[in-house]
Every structure is written in C-alpha cells, then in structure tokens.
Amino acid sequence: MSSVTIPNNKVNEPVDHEQPTTRRLRLLSLHLNPPTTTHNNNNLQLEACSSRAKIDVDTNQLSTYLRGKHRDVQEQVFEYFNSRPDLQTPIEILKDEYRELCMRQLVGLVREAGIRPFRYVVDDPSKYFALLEAVGSVDMSLGIKMGVQYSLWGGSVLNLGTKKHRDKYFEGIDNLEYLGCFAMTELHHGSNVQGIQTVATFDPLTDEFIITTPNDGAIKWWIGNAAVHGKFATVFAKLMLPTNDKNSLSDMGVHAFIVPIRDLKTHKTLPGVEINDCGHKVGLNGVDNGALRFRDVRIPRDNLLNRFGDVARDGKYTSPLPTINKRFAATLGELVGGRVGLAYSSVGVLKIAATIAIRYSLLRQQFGPPKQPEISILDYQSQQHKLMPMLASTYAFHFATVHLVEKYSQMKKTHDEQLVADVHALSAGLKSYSLSICREACGGHGYAAVNRFGSLRNDHDIFQTFEGDNTVLLQQVAGDLLKQYQEKFRGGAFAATWSYLRESMNTYLSQPNPVTARWEGEDHLRDPKFQLDAFRYRTSKLLQSAAVRLRKHTKTLGSFGAWNRCLNHLLTLAESHIETVILENFIEAIKSCPDANSRAALKLVCDLYALNLIWSDIGTYRNVDYVAPNKAKAIHKLADYLSFQVKNIAKELVDAFDLPDHVTRAPIGKQSPGEAYAEYTQFVGF
C-alpha cells in the first residue's frame, strides 16, 4: 500500500475531493501520531511549565507585574492604617460603634492621609479602583462606604448631572462635607428599577419638584449612608409632568434627583423626610443602611440631574434621547462604575482569603507515614483539590478585573457603545465567589473569628446581590448574546467581547472532530488553543440551542413564558461566555508578562483554571462527543496533577499578592510560620 503524505500545517483540515480511502488513512495517521502543536505566540509555549521540576518563582517580579502601576496608592493606604491602630477594626464591636469607626476611617483617609478618591474617579478610574481594593482589604465596610460616597452618590452627580451640578457639589463630595446616599432600591422593587414607585411631580407654580413616597412598598430601602451620616440623596423617581388636562400627569420615566435629607449645620432630618435604620445585617455592619420615606418634599427644579432629560421653567420636557427606554438604558449605563468597583473589591477579598487559607495549610501538619514526621495538610490531595482551583480562579479574576477596568476607562473617554456592552457583560459575572471553601479547609481554626473567614465571608456574601442581583445580571448577558447571535444572521458585526463567536459559530457547530476528541497528550491539553476552543465550543453550542428552544417555546408560551422556561439554560450560557472571556484575558496577561519564570508560573495556574472548569462541566463535552472517554479521564488526571504542581509554588503565589500581616490580620495567616501559633495563643490569653 502506498503511503499518503499530508503537509503538517494542513494535518487537521479536510482535502478537497479526498477519496474515502485516503481520508480514512489520514485520520488513522492522525490518531496514531497526533501533530505537535505550534503557535505564532512563542512566549505562550509551555516553557518551563512542562518540566516536572518546581518552577523557581521570583515573588518580587511576579508581585510587581500583578500590582501594576498603582501600587503606590495602595501602599499609602496600608501604611496609613498601620500607623493608626486606633482606626483598625476590632474583632468584637457593636453596630453603632462600628459605624462611627468606619466614618472616622474614611475621614482620616481623606483629610489626614490626603487621599482624594473623587479626583481619581474623574481623572484616573484605574487608580480609583486600585485604591478601592486596598481600602476594602483594610475593612470591607470602609470600602463599601467609600464606594457609596464616591462611586454611587458622587458618580450619579458626575455622570447623570451637568456642569451646574458638578460646580455646586464636587468639592463638598470630595472633602466629605456633602456625605450622600444613592436611593434607588425600594422595599418592593430592587432589580426592576423601571418598576419603582417613588414619584417626582413638577409644580409649575413654584418651579419645584415634589418628591413623594406613595405607599410603603415605595420606601427607599437598604440605602447606604442614610441611617446616620448622609446629608443628601440621589433619589430615583418617576418624573411626572402636568399635561393640558389639569387632572392628569404624564409619566416621563425614571429620573434622578438630588434631595437634601439632613440639615448641613445641625444634621437634623429635614421636614417631610423620614429616616429609619435597616438594623443589624449579616455583614458590613460598619455601613449605615437606612430606609427613606418622602412626604411631599419640595426641591428646586435645578436638582433634577438633567444630562439625559430636562424640564424647562414652563414644564416643557426635552431630551437628546427619543424614548423612555433609551433614556433609562443610558442612565443605568452611566452607573456601571459601581459594579466595576465591586468586581475589583471582590478579588481583593479572594486574595486575603486565599492567602490566609494557604499559609495555614502550609503551616499545619497532621499525620504522615509510619514513624515519619507529620506532613503539611497542603500535601494532601484533598486539600489541594479544595484550595488550588480557588487560587487559580483568584488569579484569573484578577487579570479579568484589570482588563475590565481598562475597558471601563476607555468607555469613559470614548462613550463607545460596544465598550459599554463589553463592560456590562464582564462586570455582571465578576462579582462573587464562595469563601466557604477556605473556612472549611482550615478546620476548627478557620471557625475562630480572629482568623477572619467569618467576617470576610459575611461581608462578601452580599456581592452576589447589590449593584444588581447576579441572576438578573446574567440574564442581561444572555440577552446580549442572543442579540449578537441574531445580528450574525443579519450580516451585522459582533461587539468586541463577543467577537470570538463570529468564528466559533461557524467552526464549532459542525460535528466534533473524532480524532482530536481522543487526543490526550499533556502538551495538547495544556495548549491554550485547545482550552479556548473548548470554552468557545461550549458557549456556541449553548447559544445555538438556547435560540432554538426560545423560538420553539415562544410559539406556545409567548416571549416572557419562553424566557422563563429556558432560564436555567440562559444562565449557564451567560456563565459560559464570561468564563471564556476570563480565560482569554488570562492567556493575554501571560503573554504580556516580562519575566520568564513568572510567565511559567502563571501558565501553570492558567492551565489549572481552564482544565478544572472543563472537567467540572465534562458532561456537556461528553454528551456531544467533543471529548472521548479516554480524553475526559486524561483531563481529570492532569487537573489533579496541576493542582499538585501549583501547590509546590502556592506560597510564592500568595506572597505575590503582597498583603502585609497588618492587612490580612489573621494569626494563622502570618507570613512567618513561627509567629502564627504564638500570636494565636496570645490572643486567647496564654
């Protein structure tokens, strides 16, 4: 039988007019001799990663790359609070005392340390978000209180108002004279902002708006800074304008209004404003969340934040946007900075939790071979299985949030609609990760309040809800994906974040290649192309099947019923897309890393992140024969081995976060193992 010669670079491509016998021989040849993968990205080759030896990680080099250009402002925050032990949050503190401490912390940061966050919000958003991460690492309540003041209250004035509002309020917001709130959520309406019931009725006789809470369901609820410290509130309400018929009003949709709630000098609640305390919470008790009711509170017409809609003296309404829905979308689009800040802060919490859990796991020794010393609990595969994927996810989320902030900064400069869509999509999926695994991995000592897992978990838990419930936000991502899918078949262009779908929808929706489905070599499984292809295939398959199901069910259930019938499918689709974008950014970050050993370490961590996620959803890949049984087994085996490899450099990876002991503040997470148990025993009185 004559041999069949196939060019290497075309090894996986069908040949035009290929005879069946030739094709079978080609596929058999591939199966027996998988080609060596090559890339144009030379610095993404496996480098030292493929070596069985431990990677020599220079912690300083890796830390410099991780922390980026705003390390200085973070160090300034850490040093200030280290110099002020009176401002450090004690383990046990009453709610009211905690709120006052949190206020003193914020005042000290701004007026003593001289850090002016509001200037960064305007001039350098990436610096602001780096500052927010550091402040949240010191105390998450402080980070949230700062975010309410500058991202939400200050951001609403900057982004929804016009020059007259900035001129009047900027300095007071910046120096904390004008402490404020962001009053959007109501008792009966949270995620459905268009359903809020608070009304702002224009009175042409007095040139004022009348802010009214029409029923208990419209009470503004969970409003940060409202219970104790706030003097102003940005109140979201339906704008009602008189019509020619004196007995009727025209609803112009949700608008934002600046409403004074306390006297600037006496701090007493103003007439018509009723403020109550939302009480003790599961976490974040340094933030004074309150409830607001307005009883016909009159404010000047100029207090309408009028960037997207204005009312003239005669009551005439004007807007650069033609419809209520477009105005509403533009309004919410300008408020996405709060969500970006939460994503960044969330990663800061993960870094602290991972640092404490991994340092303790290296320190703690339990059992061992007969007549041999005990071994570190991180040497146990079960502990590696708990903590190494979590550490890999922390690194992945870090680079994704850095990318998100870059996109957000571009968006603020250009107001590009595609960038707005990108930022919305990414920020929707980067808000939360369960910290329970860290607590459990540290056994009984993880349950001690002094070791912080309880407070970190409780403070972080709400990240799944505020600034938009995760389930609702993921539905928005799914909706955007379906729009992009529809645009494709109309010949339209994909927005940047979704651009991979252009290729993948064409390439991946054909039958999986029966040969590559069986490749199980380590080089292949650790190839970024294989990993990205797998992630993209899953998203494309989910997107196509979601579109088919929605089309089918819409015929009998209507559009809302069909959406609800397919809701779990749509949430999985959104999560798959976000995971794909996270992996893309991780791979790009590795390419950009200037130090070879740091690149090798990051590549190892990235491989674990990717393969662990593929294995966690292996059923999807098996159901469509994208991965054969032998390959699935190889993926599982390699993910376990990569956890072991990451364990070998786990200390260096958490040290690269560069969190000093006075920030982590957990005895079992001390940098020096010799100090950990000593400080712990001193704490309980020995």
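Helices (DSSP runs of H or I, at least four residues) and strands (DSSP runs of E, at least two residues) are numbered from the N terminus. This is a predicted model, in which local features need pLDDT of at least 70 and side-chain atom pairs count only at pLDDT 80 or more, while totals for chains, interfaces and linings use all residues. Residues are numbered from 1 along each chain as its sequence is written, and side-chain values use heavy atoms, with hydrogens and water left out.

The protein chain has 25 helices and 13 strands. Of its 686 residues, 55% are buried, where buried means under 20% relative accessible area, computed with a 1.4 Å probe on protein chains only. Among contacts (heavy atoms within 4.5 Å) between residues at least 6 apart in sequence, 74% join residues at least 24 apart.

A cavity is a set of points, on a 1 Å grid over the protein atoms alone, where a 1.4 Å probe fits but cannot get out, and its lining residues have an atom within 4 Å of a point. The structure holds two cavities of 30 Å³ or more, a volume being the space filled by probe spheres set on the points, which are joined across faces, edges and corners.

The largest cavity contains about 90 Å³ of space, and its lining is made up of Leu160, Val254, His255, Ala256, Leu305, Phe308, Gly309, Arg327 and Thr331.

Finally, consider a pair of helices. The axes of α18 (residues 528–565) and α20 (residues 596–616) come within 10 Å and cross at roughly 35°, where axes are lines fitted to C-alpha atoms over the stretch in contact and angles run from 0 to 180 degrees between N-to-C directions. At this crossing, Pro528, Phe530, Gln531, Ala534 and Phe535 in α18 meet Lys603, Asp607, Ala610, Leu611, Leu613 and Ile614 in α20.

Methods. On a 1 Å grid over the protein atoms alone, a cavity is a set of points where a 1.4 Å probe fits but cannot get out, and a pocket is an open set with protein on both sides within 12 Å along at least five of seven lines; lining residues have an atom within 4 Å of a point. Buried means under 20% relative accessible area, exposed over 50%, partly exposed in between (1.4 Å probe, protein chains only).
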